[in-house]
Each structure stands twice: as structure tokens, then as C-alpha cells.
Amino acid sequence: MKTRVWSIVLLIVLTAGIVSCSSPDQTSAATDAGTQTTEETTQAISDDLPDLDLEGWQMRIISHHDGLSDERTIWASEMNGELINDIIYTRNSEVESRFNFKMSIYTGDFWADDYNKLRASVKAGSRDYDMAFLLPFAANGSLVFDKCVYNMLKVPYLNFEKPWWHTNVNDLFTLYGYLPFVSSDYLLSSYQYANILIFNKIMAEDFKLSNIYDLVRNGEWTLDKFAEITAAVSGDLNGNGEIDKEDRFGLATNFGYHAITWGYAIGEISVKLEDDNVVLGYKNDRFYRLAEWLYDLLYNSGNVFEIGWDMECEINWDENRVFMQALWVNDLEKFRSYKSEYGIIPYAKYDEAQKEYYTYVDARSGGNSIPADAETDTIANVGLVLEALSCASHTKLIPAYLESVTASKLTRDDDSIEMLDIISSGRRWDIGYTMATIDSYTWVIFTDLKRSGGQLASVLEAKTKQATAYYNKIITAYKELSEIYK
């Protein structure tokens, strides 16, 4: 969607006559303000689901919960006047009323406890849950080894042709006709945990860099241009001849987690499973050049300020001494109180020949699964509800969220809304990141970039045998699952 479309949809969301996803004959036509939906719009937002009465069915959801991310991405217990909370609450309530059922939420207590609870239920045959909001990264390869989650390709009512489904997930995680989890606009977290860059508008004016949005639009926002601008704005402010936190920097970033994102930004995926083959990425000149470029940027240039694993930067944004900072979209809320305005931009492309801008969606974006022992009627009910919730999120929640973290509350910047649309369309997932451990082939930029001096070819080669063996076990598990779900 373009900026104008987001704005129109947000207007519909925030006026009294909120248009809801429904079957075509249920879609309302007008708002209190006299705004009418056209036939084309009505058709575009329809989920095409049948009118069914679930007769008071209780849908029990097990959700991830820890100190950084939790059930609030899908659940709100009550209206509290906060825009996104209230849209989630209203969305859930409308779908409950439409199909005559009730949702209840159960949470894990730490990193992988939600998956552990689901697995324990399946192993015991107690059927404690009907759907799960899991972090597949926390479950790791157990997600397929344990055989505790249903094949999402077999779930009735899920229409992956609809625009609210993140089919990149389907493409990467489907093998032999089995898919352990799905992602859609129902999961606000799939947007919240996308990696982005922000730039300081005051510094952009000072250094005559106001055309940075045009660089993105024109396809000129590349590794070389990024390094050029980063160097141009950096400086030794205290004159001591040393690089320290009193100086000015072109970029503030985590040298581990954020560094991994650059591999995805140039279009690389670490692991793909194709039939019986483990296809390992990164073994090409583009990636090797990226590693050398990144090593020089982070460790030699003096233009980058390192922030901690918690992604908190010691240099206050209002000091105007950091031009760009790496963030999750969700982190923009932290910048609400700052006076210095920022703009949102994607990570840079490899070169101008690369057609799209890409970013990685952190594993905290999660996914939806169904317990493997769910009864047939339950599976159909979950499919019906998940499709309706995904459609409602696509038309209401996601536009409002993207607007709230750009134009309406924080940056008040139409250009940033456009940039966030570009970023959203370029989100990537990776089975290598999701199903591996930190000390793995996928994390090589984090674990080995500094030690190797940016020379990762031999490092990747040394990790190839172990990675291939591990993912062959994943393939074997998929084959076994495909036999179960024939």
C-alpha cells in the first residue's frame, strides 16, 4: 500500500463507523462522518468466510511471555484508551461476536515456557490449548523434532492467497507438504520486530543530507553510499585524537545482532531446504565483500558507536551526535520524548542492481501453531477464527500501528510512512536463524566477524559440515511429519 492508502484506511479505523472484515454480504457501507466504502474496497477487505455459529466455543491460546515480548501483540484484556490496545480489544471482540465464541489467553513464564507447556499437553494428551502464539526460535529444531504441532497447510479456512498472510514464511518453512507455523497480520509483532534505521533530521540539515529519502526512492541507498555518509558526519568533537563517546558518529548499532541484519539486507538467506538438499547461503563474493565492508565499518572506520546487547545507546538522541541508529520498529516508542526529530529508512542495498530493500524480522515476531492432538472440529474452528483475525488486523490494526509510529504520534513525517511501507514489504524470515543455535552457521557475522578480520570464507567452510548434518536431521523430521499428515 502507498502512503495515501494507509491514511485512508486509518481514517476509516478511527472514525465511528469502523469497517470490519466479514463475508461480502455483511460488510457495512458508511461511517458517522458520511464516509462510504466503495464496492471495490468492500471486496478488497472481505475474508470470504461463511456465517457460522460456534455456539459459545472456548478458544484457548497459549502465548509467549517474557520481559521483552508477550501476549499484548495479540491480546487486550480491556479498553484502556491506548490506540493499539483498543484496536486489538475491539478486533477480538468483534470476531468473537461474529462467530459466537470466546477467546482466553494462557501465558508461558519465560523464554521457551510456552512451547514447553504446549509440548507437555500434547505428550499427555490433555488438550489444554487450541492455538499457540509461539516464538519458533525459542523452540528451535524441537518444533519439528517433537512432532507436537499440526500441519498448518491442512487447516480449513486459511486462504494464503489473501494479502494478510506472510507467504515468505510458508515458502521457507514448508517441506514435503508440511508447515509447522504461519505468520500473518494478526501478529503485530511481525511488524514491531522488523529491523530499521533512523536518521537525525537536525544533523541531516547541518550536513545537507536532506535528500536521503530520495536516495532510497531512486535505488541509490547502497553500501557505498551508506559508508560515505557515515564517514561524512563523523568527527572528533573533543579534539583528543581518540574515538570515544564524546565524539560524533555516523551510526550507533549493536555489533552482534544488528550486524547479522546486513546479510539479509543484501538479499542473502543463510539456509534453505529444497527437497532432500540443504542449501547453505553466504558462500559467494557478495557476502564476502559485505563481511569485509562491515568489518571495516565497525572496527576500522571510527565512524560507528557500539551500543549494548540491550540496544540502549549511551549517547542521548537529543545531543545530535548520532546521525543514524539501528532499531526495531517497536523501539520507536522510546523516542517519543525526544525533541530532535528523526526519519525512518531501510538498511542499505548491496548496490543499485539490487532491486529491493530487505530487512530481517527478529525471531520475536513469532508464529501461530495448532497442537498436533487437536480434534478435527477444533482445527476448523481455529482456522476460521485465525483467518478472520488476520483480515481484521490487515484492514485496521496494521495501518493504525504503522501510522502511529510515524505520522500521527512521533515523526509526523509522510516520507517515513512511505519508507516504513518499503521496509514492511521487504521483510525476510530465515529457517537458519529460526531453527539453529546462536553459535551456528547463520550467526557467523556476529560470532566470527571480528576474530576473522572480516574474512569469513574459511569460517563458513569450517561450519559447513556441522550445519549440513544438523539440517539433514531437520529434513528427516519433515519427512516423518509428511507421512503423518498425508
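Student: Which residue has the backbone oxygen that the side chain of Thr-174 reaches at 2.7 Å?
Tutor: This is a predicted model, in which local features need pLDDT of at least 70, side-chain atom pairs count only at pLDDT 80 or more, and totals for chains, interfaces and linings use all residues. Residues are numbered from 1 along each chain as its sequence is written, and side-chain values use heavy atoms, with hydrogens and water left out. Thr-174 lies in the loop between helix 7 and helix 8, where helices are DSSP runs of H or I with at least four residues, strands are runs of E with at least two, and both are numbered from the N terminus. The backbone oxygen at 2.7 Å from the side chain of Thr-174 belongs to Asn-170.

Student: What is the relative accessible area of Thr-174?
Tutor: Leaving aside neighbours within four places in sequence, Thr-174 is in contact (heavy atoms within 4.5 Å) with Leu-153, Val-169 and Leu-179. On a scale where buried means under 20% relative accessible area, exposed over 50% and partly exposed in between, with a 1.4 Å probe and protein chains only, Thr-174 is partly exposed because its relative accessible area is 24%.

Student: How far apart are the C-alpha atoms of Thr-174 and Tyr-478?
Tutor: Along the chain these two residues are 304 residues apart. Beyond four places in sequence, the contacts of Tyr-478 include Phe-173, Leu-175 and Tyr-176, as well as Leu-273 and Met-435. The C-alpha atoms of Thr-174 and Tyr-478 are separated by 8.7 Å.

Student: What span should the 28 residues of helix 18 have?
Tutor: The expected span is 1.5 Å times one less than the number of residues. The end C-alpha atoms of helix 18 are 40 Å apart, which agrees with the expectation because, at 1.5 Å a residue, its 28 residues should span 40 Å.

Student: On which residue is the kink in helix 18 centred?
Tutor: The bend at a residue is the angle between axes fitted to the seven residues ending there and the seven starting there. Among the buried residues of helix 18 are Leu-460, Thr-464, Ala-467 and Tyr-478. The kink, of about 40°, is centred on Thr-464.

Student: With which residue does the side chain of Lys-479 make a polar contact?
Tutor: Lys-479 is found in helix 18 (residues 457-484) and is partly exposed, with a relative accessible area of 35%. Beyond four places in sequence, Lys-479 is in contact with Tyr-176 and Asp-276. A polar contact is a pair of N or O atoms within 3.5 Å; within protein, one must be able to donate a hydrogen and the other to accept it, and residues adjacent in sequence count only if both atoms are side-chain atoms. At 3.1 Å, the side-chain partner of Lys-479 is Asp-276.

Student: What is the phi of Tyr-176?
Tutor: Most residues other than glycine have a negative phi, and most peptide bonds are trans. Tyr-176, in the loop between helix 7 (167-173) and helix 8 (189-192), is partly exposed at 29% relative accessibility. Asp-275, in the hairpin of strand 6 and strand 7, takes a positive phi near 55°. Although Tyr-176 is not a glycine, its phi is positive, at about 55°.

Definitions and conventions
Pairing = 2+ DSSP bridges.
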